[in-house]
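Subject: Structure for you to look at

Hello,

Here is the structure I promised to pass on. Please open it first, then read my notes below.

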Amino acid sequence: MGGSCTQTRPADRRQVLFLFLLPLFYPALCEQIRYSIPEELAKGSVVGNLARDLGLSVLDVSARKLRVSAEKLLFNVDAESGDLLVKDRIDREQICKERRCELQLEAVVENPLNIFHIIVVVEDINDHAPQFHKDEIFLEISESVNPGTGTILEPANDPDISMNSLSKYQLSPNEYFSLVVKDSPDGGRYPELVLKKALDRETQSVHHLVLTALDSGDPPQSGTAQIQVLVVDANDNPPVFSQDVYKVSLQEDVPPGTFVLRVSATDQDEGVNAEITYSFLGVADSARHVFSLDSATGNIITHQPLDYENVGRYAMVVEAKDRGSLSTRCKVIIEVLDENDNSPEIIITSLSDQILEDSPPGMIVALFKTRDQDSKENGEVTCNLNRDIPFKIHSSSNNYYKLVTDGALDRERTPQYNVTITAIDRGKPPLSSSTTITLCITDVNDNAPVFHQASYVVHVAENNPPGASIAQVSARDPDLGPNGQVSYSIVVSDLEPRALSSYVSVN
């Protein structure tokens, strides 16, 4: 990444003194400030007074250029009050899915340069009602099924969490069926329709029920599905899977169409009542698109490329159902194995625009972080610099780094440095990436003028006219601007000053 050189006036004594004291403030880089807000706050809502929580005055907000940075620009800082404001819509379910939502921000100030870590916890609100995958459920149950037999129903989905998530199911009142809720192998809960009273197809061939899913929000929200039960004849044995849980591991670079595994169930009934069909039950859309299931054979194959960085583990439920709607289920777990297919990234978060040539060692000139989407050794990153430059890298925390001075700077010898930062992961083979930043050195008045000659001998003819040039002296100052402008005066002579001025003068 390139940069441009700008010249500024030297810092006054107080600024220089503060630069020497700057290392005392390094621990502040590791401190964290936490805020908590509900999701879907209006744009412009105040999260907290960031300036006050950082110990800054209102004047410091603009003077020190207080700002925040993050991968998703959801917040900004009010330049007048120092308040941290909501900049864009915050949808917890979109940002954090089904986990606790903590957004990582960095607050940066300048003069002197410093960084602070901020965590904004986004609390869930009850903005989603439970929803079934299908609005209508069609079941076929044999009239020979004994009371107490259960039929598994597809669970509802609610992206909210905690109290706002799905908490219970209800079934419309009827004399034939009741509802129980069971724990599934993946930690969720699913409804099961249980027969209370023997069915008689000749008395009633179809039963209409309403299944309701409710959450525990305030007020609670709900979703419904219509159940139609068609009573058919004699099928008294449900299918049985060969195992309750199937596990398999796949490399993330396998091509679409790769065979994953086969689930297998058997039914002790004969004829059409022993014919089994397989289907996914309550599987997220992301898994349905990646894998396909043959309803007749139970073969599961990849349908789209895998990406460990997107989803590292799939847990799916497969249902085996016979022609009489008796069913059983098993769990399929597919572990995606990471390949080192992502190079580390280098993200420059802040860059100093003034580096004085008399800066002490250890002064922060840039802040950056690294990111590698791979896992374990494939995602472990180390950073290094090009050789023979007076800078070095200090590791901060959580893949954050500081670029600091590591030697004397001399603008007259080297006015700028092209610093190349290289990030390398520990994969086999390792992947790397580099970025180059240009650091411009600012001049200070650290050089005295030097005459081209230590002494000048001038021969002057007598009776020359006034104003005639009798000699020229020349001095050079390698500093820039006003620091390098030279003026001349006669300071010592063997004549009295008044007598000297009547004879010669210097421009």
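**Cavities and domains**

The largest cavity has a volume of about 60 Å³. Keep in mind that this is a predicted model. The structure holds two cavities of 30 Å³ or more.

Which residues line the largest cavity? Glu140, Ile141, Val145, Thr149 and Thr151 are among them. Phe177, Leu193 and Leu195 also line the largest cavity. Gly324, Ser325 and Leu326 complete the list.

Now for the domains. The protein chain is split into domain 1 (33–123), domain 2 (136–232), domain 3 (241–337), domain 4 (345–440) and domain 5 (449–506).

Look next at domain 1 and domain 2. Their centres, taken over C-alpha atoms, are 45 Å apart. Six residues from domain 1 and four residues from domain 2 make the contact.

How much area do domain 1 and domain 2 bury between them? The value is about 320 Å². Carbon and sulfur atoms carry 52% of that area.

Across this interface, one residue pair is in polar contact, with both residues at pLDDT 80 or more. The rule finds zero salt bridges between domain 1 and domain 2. Yet the side of domain 1 that touches domain 2 has six charged residues. That side has no nonpolar and no polar residues.

Best wishes

Notes:
Residues are numbered from 1 along each chain as its sequence is written. This is a predicted model: local features need pLDDT of at least 70, side-chain atom pairs count only at pLDDT 80 or more; totals for chains, interfaces and linings use all residues. Side-chain values use heavy atoms; hydrogens and water are left out. Domain bounds come from an automatic or database domain assignment. Contact means heavy atoms within 4.5 Å. Buried area is the accessible area (1.4 Å probe) that two parts lose on being put together, summed over both. A salt bridge is a side-chain nitrogen of Lys or Arg within 4 Å of a carboxyl oxygen of Asp or Glu. A polar contact is a pair of N or O atoms within 3.5 Å; within protein, one must be able to donate a hydrogen and the other to accept it, and residues adjacent in sequence count only if both atoms are side-chain atoms. Ala, Val, Leu, Ile, Met, Phe, Trp, Tyr, Cys and Pro count as nonpolar, Asp, Glu, Lys and Arg as charged, and the others, Gly among them, as polar. On a 1 Å grid over the protein atoms alone, a cavity is a set of points where a 1.4 Å probe fits but cannot get out, and a pocket is an open set with protein on both sides within 12 Å along at least five of seven lines; lining residues have an atom within 4 Å of a point. Grid points are joined across faces, edges and corners, and a volume is the space filled by probe spheres set on the points.
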